[in-house]
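Have the model open while you read.

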2 protein chains.
Amino acid sequence: MEKEKWKRSARLVDLTNQLLSQPYKLIPLTMFAKRYQSAKSSISEDLTIIDEVFRNEGSGELETVAGAAGGVRYIPKLDLARTEEILANLCVQLAKPERILPGGFLYMSDLLGNPTLLSEVGRIWATLFAGVKIDAILTVETKGIPLAYAVANYLRVPVVIARYDYRVTEGSVVTVNTVSGSSGKLKPLSLSKRSLPQGSRVLIIDDFMKAGGTIRGLQDLCFEFEATVVGAGVLAESHVPGRLVDDFVSLISVSEIHERDRTLRVEIGNLFKDKFVE
Amino acid sequence: MEKEKWKRSARLVDLTNQLLSQPYKLIPLTMFAKRYQSAKSSISEDLTIIDEVFRNEGSGELETVAGAAGGVRYIPKLDLARTEEILANLCVQLAKPERILPGGFLYMSDLLGNPTLLSEVGRIWATLFAGVKIDAILTVETKGIPLAYAVANYLRVPVVIARYDYRVTEGSVVTVNTVSGSSGKLKPLSLSKRSLPQGSRVLIIDDFMKAGGTIRGLQDLCFEFEATVVGAGVLAESHVPGRLVDDFVSLISVSEIHERDRTLRVEIGNLFKDKFVE
């Protein structure tokens with residue numbers, strides 16, 4: 001059965017779908033030319049239109065790689081205006097006094113359960129770390145997991161999960177001790193030996209950082225796996241004295257949590273202030 | 001500043017992007033007409049083209065709702081041929097003897113860490129449960145979490161996570177006892193009171209089911225919240241005698257796991273065989 005040549009309108013729709021659903025994947029132009037029974041020059045024209053729309057609307061860009069092994073890939077991004085809008089809205093939602101839990105924690109599970117918000121947050125991180133070579137995203141059970149996958153979905157790198165309790169279904173593990181900066185207590189943190197290849201370039205993602213004991217533990221695990229930490233991102237940070245980690249990017253900053261008066265202060269984090277990648 | 005009228009080609013690209021990035025969201029045509037400074041009739045023509053391409057390529061469809069409160073929404077789906085291809089490939093990957101872990105478990109963390117595979121699995125479940133009204137997806141820490149979010153990302157409903165250990169950051173919780181069908185041991189399972197509104201329609205998602213003690217525990221939790229379970233999906237089932245749950249859909253079926261000989265049998269699950277939703 002001979003395939004029919006696609007019309008430009010249908011080609012534009014399908015190309016957009018193909019690119020959006022496979023971020024970072026380098027797709028050879030010959031693949032598209034064959035799929036649409038169209039000349040490469042026509043495909044190139046289509047890609048120029050798509051790239052222009054994506055850039056104008058702040059949703060990313062197409063990267064073209066020349067040569068025999070070349071092709072085109074979609075780099076998802078989110079523009080600054082939309083990023084600020086999303087984070088400002090998140091600040092308002094987090095600033096509600098009823099979120100304050102015993103111990104100076106904040107109830108965030110409802111927000112972490114919202115797939116649209118997660119997708120937006122994932123896109124923000126994917127934009128911040130777009131220029132960085134990353135082999136894996138490392139997080140810790142339980143609340144870091146949805147955030148790690150939200151980023152991974154845009155950067156298309158695997159997620160590996162460290163655990164506080166050893167699980168039989170993990171096979172053999174490497175364990176380090178983490179110290180809770182708030183309580184000073186020790187807690188073992190484990191990572192399956194099979195889960196992270198030696199020498200990987202790792203992006204650490206977690207939900208909430210106080211003293212940074214968890215992030216520090218994840219860094220220690222990376223050291224054990226001879227992996228390089230290329231960045232660390234937390235959704236929210238709450239400043240406490242004696243911090244164990246300096247180099248991280250936070251989207252939200254929480255301070256002045258007064259459990260008794262039920263007041264708190266929520267601002268946009270350090271993402272616009274600091275350089276955060278090596 | 002007056003907005004410029006968009007060309008059809010740019011409109012098709014942006015419309016496709018807008019629809020794909022907001023599954024299930026009803027978007028009024030007037031919103032698009034304003035965004036593109038174009039007549040509603042032109043938008044309707046564009047939507048017809050997009051719907052046709054999506055349906056032909058098996059990646060979903062557009063649903064148009066007439067009337068003043070109407071609009072268009074994207075329903076993500078995956079066609080049968082691609083579903084079978086993905087599951088057959090997953091079977092091959094799971095059938096490797098080195099995946100067998102002590103206790104008759106299978107190492108699946110690498111697969112659960114792969115965002116592309118998760119996205120495909122999420123789309124398969126989104127297709128299976130496309131006609132069902134769902135308010136929330138319920139899963140249990142830790143390995144069910146990425147799967148639950150993968151589905152949620154297509155169905156755009158919130159994820160709620162039950163936990164085996166009570167966490168301070170959850171606020172007050174409801175706890176039930178689950179019985180491990182394999183070992184007969186009791187284990188408490190908790191869900192934050194704030195996380196699931198009374199009377200919700202719930203889809204349960206988990207990674208691996210043997211006797212079904214976890215799924216049964218999640219059903220019990222739903223009962224406590226006066227919620228209706230509209231379906232249950234597991235990535236893989238392994239048949240054991242004395243099963244506690246009948247009504248579930250599995251994508252993969254694992255049997256004849258022989259730890260000693262390191263052999264096992266992996267097939268496509270019951271998703272094509274049974275009716276799975278109420």
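This is a predicted model: local features need pLDDT of at least 70, side-chain atom pairs count only at pLDDT 80 or more; totals for chains, interfaces and linings use all residues.

Start with α1(B), which runs over residues 8–20. Its 13 residues reach 18 Å from the first C-alpha to the last, close to the 18 Å expected at 1.5 Å a residue.

How many residues of α1(B) are buried? Twelve of the 13 are, so the helix is mostly covered, with buried meaning under 20% relative accessible area. Among them are Arg11(B) and Asp14(B), along with Leu12(B), Val13(B) and Leu15(B). The cover includes pieces of both chains: α1 and α3 of chain A, plus α2, α3, β1 and β2 of chain B.

| Chain A–chain B interface | Value |
|---|---|
| Residues from chain A | 51 residues |
| Residues from chain B | 51 residues |
| Buried area | about 4,200 Å² |
| Share of that area from carbon and sulfur atoms | 60% |
| Salt bridges | two salt bridges |
| Polar contacts | 15 residue pairs, both at pLDDT 80 or more |

On the chain A side, the elements giving two or more residues are α1, α3, α5, α6, α7 and β6. The largest share, eight residues, comes from α1(A). Sorted by class, that side has 25 nonpolar, 14 polar and twelve charged residues.

One of the salt bridges joins Arg35(A) to Glu57(B), whose closest N and O atoms are 2.8 Å apart.

How values were computed
Residues are numbered from 1 along each chain as its sequence is written. Chains are lettered from A and ligands numbered from 1 in the order in which they are written. Side-chain values use heavy atoms; hydrogens and water are left out. Helices (H or I, at least four residues) and strands (E, at least two) are DSSP runs, numbered from the N terminus. The expected span of a helix is 1.5 Å times one less than its number of residues. Buried means under 20% relative accessible area, exposed over 50%, partly exposed in between (1.4 Å probe, protein chains only). Contact means heavy atoms within 4.5 Å. Buried area is the accessible area (1.4 Å probe) that two parts lose on being put together, summed over both. A salt bridge is a side-chain nitrogen of Lys or Arg within 4 Å of a carboxyl oxygen of Asp or Glu. A polar contact is a pair of N or O atoms within 3.5 Å; within protein, one must be able to donate a hydrogen and the other to accept it, and residues adjacent in sequence count only if both atoms are side-chain atoms. Ala, Val, Leu, Ile, Met, Phe, Trp, Tyr, Cys and Pro count as nonpolar, Asp, Glu, Lys and Arg as charged, and the others, Gly among them, as polar.
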